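Reader: Could you take me through one part of this model up close? I would enjoy a connected account of how that part sits among its neighbours.

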Amino acid sequence: QSKNSVGSIGFPQTNTAILADENGPKPDGPVGQTDHWMLNTPWTSRLNYHEMGHGQRPSMYRGEREAIVNFLIVYIQNVKFGIELDEAFVGSTSVGKNYQTTDLAAVHWMVTENFRNGAEMDYSNGYLDEFKYQPRGYAKYADIVRLYGWHVLTFLNAQENLDFEDGTSSSCTVRSLDSADDRTYRLSIQAGEDLSPLIHFWGIHPENSDDLQACMEEANLQRSPELKEHLEQYFYHIPLGQDGFIRYFDTIYPDQREKCADGSCCTSATHGCGWFMTRMDGWTDSDSQDIVTALQATIDLYYPPEHDCLDNRGLNQCKKATCPDFACRSYCGICLEPYPEGCSWNACTLNEECCSGVCDYGTCRGDNNIEPTLPPTFPPDQIPPEFDCEDNRGYNQCKNNQVCPNLACRSYCGICDQPLPEDCTNGGGVCVDHTDCCSGVCESDGTCRTDKNYVPPTAAPSKPPSQFDCLDNRG
């Protein structure tokens, strides 16, 4: 039995309070026998599994000593007792009585100054430490499990054990890597793809990115579009403005904001609920935007825009097709293919909703290479002239007939060479709708835009031309 109010590694019973005297366990206290947690609910004791985690001597990134040991109970609950991964993750810590799924742990990291400034997660082992006893310090492993499965971690541990017994190494052979980069490399080997973007997101940056990349290339480990898409989903968890920040605070520290409003608790400005108490009044839209900017910068670092046709078109198509690389223009010619039918240029929730293949923080990213198949909704005075035969002719025809593979109708449909709508008005005439105008555009002042290619119909001749009637008009 531990004599102090702290946990200790060793057998589980060293962390279980048992009231005893010289005669053994006291009847009025936890007797440590038939009602022992290990016999009845062996998946529940966070403290004991935390301390047992230390006894396992797991390999880890720097700063994870008091973090990764909390992940042992997640494995036990999820794999051995069938508890859902997120539920098991929530139950992996009770420090601060906070409630954190893997996604909420990601937000807990993203709201920090370090993340917003593009810095690493603090591992100073002091009050500013962002790893120890905190879900965000080991949530990267939950991300790995939900993306690739438990085998990445179990195989890594098994290989490390075999390497130790054999006196060998599974490290990169073409470059000598720092311990953190080496761990990222070995995790990537087990996952079958380059995990650098994910590890970087979670606040562990490469010590030498060139050497690490060389090792990834030597092992033929690529960065998958699925991983990029996973990181992009974190955009939707970013707290928006002060209201969003406070809602997030209330989610992970229920009731603490009201309970501690009098200053009786949550007083530390450096960590826990006190960190939120001291920042919630000053949180602004700009702070939220800083998270967006930092997250996008991390993604762009590993998935440069030019890897996806400059504008990221084809992100989802490449995922579904057989591209050997993300450089879709070079390998798939995806940017020359038609856009997905019904795709959007406006509001979005998922990447696949967008014509460009990228949903940027709720709005579809534009395509800078070729004009879209489906016309965006422009105010009449903002229709880009280059989209519609220079004078915008055919704007409605293309939209209504859905036959053009592109809005550049002259090139793709020959729409400007087709007959004009009957009784259309050209230039200056009053209009109510785009279809009233020969040019296909009714300006915001209610007049038709001039069609530069418009040729008025020839008036009917006053008498039949001679060639129509046998030269002598006979018959």
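Author: Gladly; let's begin with a pair of helices. The axes of H7 and H8 cross at roughly 110 degrees and come within 8 Å of each other, the axes being lines fitted to C-alpha atoms, for helices over the stretch in contact, with angles from 0 to 180 degrees between N-to-C directions. H7 is therefore roughly perpendicular to H8, a label for angles of 65 to 115 degrees. By class, their contact has six nonpolar residues, one polar and no charged; here Ala, Val, Leu, Ile, Met, Phe, Trp, Tyr, Cys and Pro count as nonpolar, Asp, Glu, Lys and Arg as charged, and the others, Gly among them, as polar. On the H7 side, Tyr141, Ile144, Val145 and Tyr148 take part, and they meet His151, Val152 and Leu153 in H8. Contact means heavy atoms within 4.5 Å, and helices are DSSP runs of H or I with at least four residues, numbered from the N terminus.

A word on the basis: this is a predicted model, in which local features need pLDDT of at least 70 and side-chain atom pairs count only at pLDDT 80 or more, while totals for chains, interfaces and linings use all residues. Residues are numbered from 1 along each chain as its sequence is written, and side-chain values use heavy atoms, with hydrogens and water left out.

Now for H7 itself, which spans residues 139–148 and is mostly covered, with eight of its ten residues buried, that is, under 20% relative accessible area with a 1.4 Å probe and protein chains only. After H7 comes Gly149, with a positive phi near 110 degrees.

Ala180 counts as buried because its relative accessibility is 5%. Ala180 touches Tyr61 and Ile204, leaving aside residues up to four places away in sequence. From Ala180 to Arg62 the C-alpha distance is 7.2 Å, although 118 residues separate them in sequence.

H8 also has a part in the lining of the largest pocket, giving the largest share, seven residues. The residues of that lining divide into eleven nonpolar, six polar and three charged.

Methods. Buried means under 20% relative accessible area, exposed over 50%, partly exposed in between (1.4 Å probe, protein chains only). Helices (H or I, at least four residues) and strands (E, at least two) are DSSP runs, numbered from the N terminus. Angles under 35 degrees count as roughly parallel, over 145 as roughly antiparallel, 65 to 115 as roughly perpendicular and the rest as oblique.
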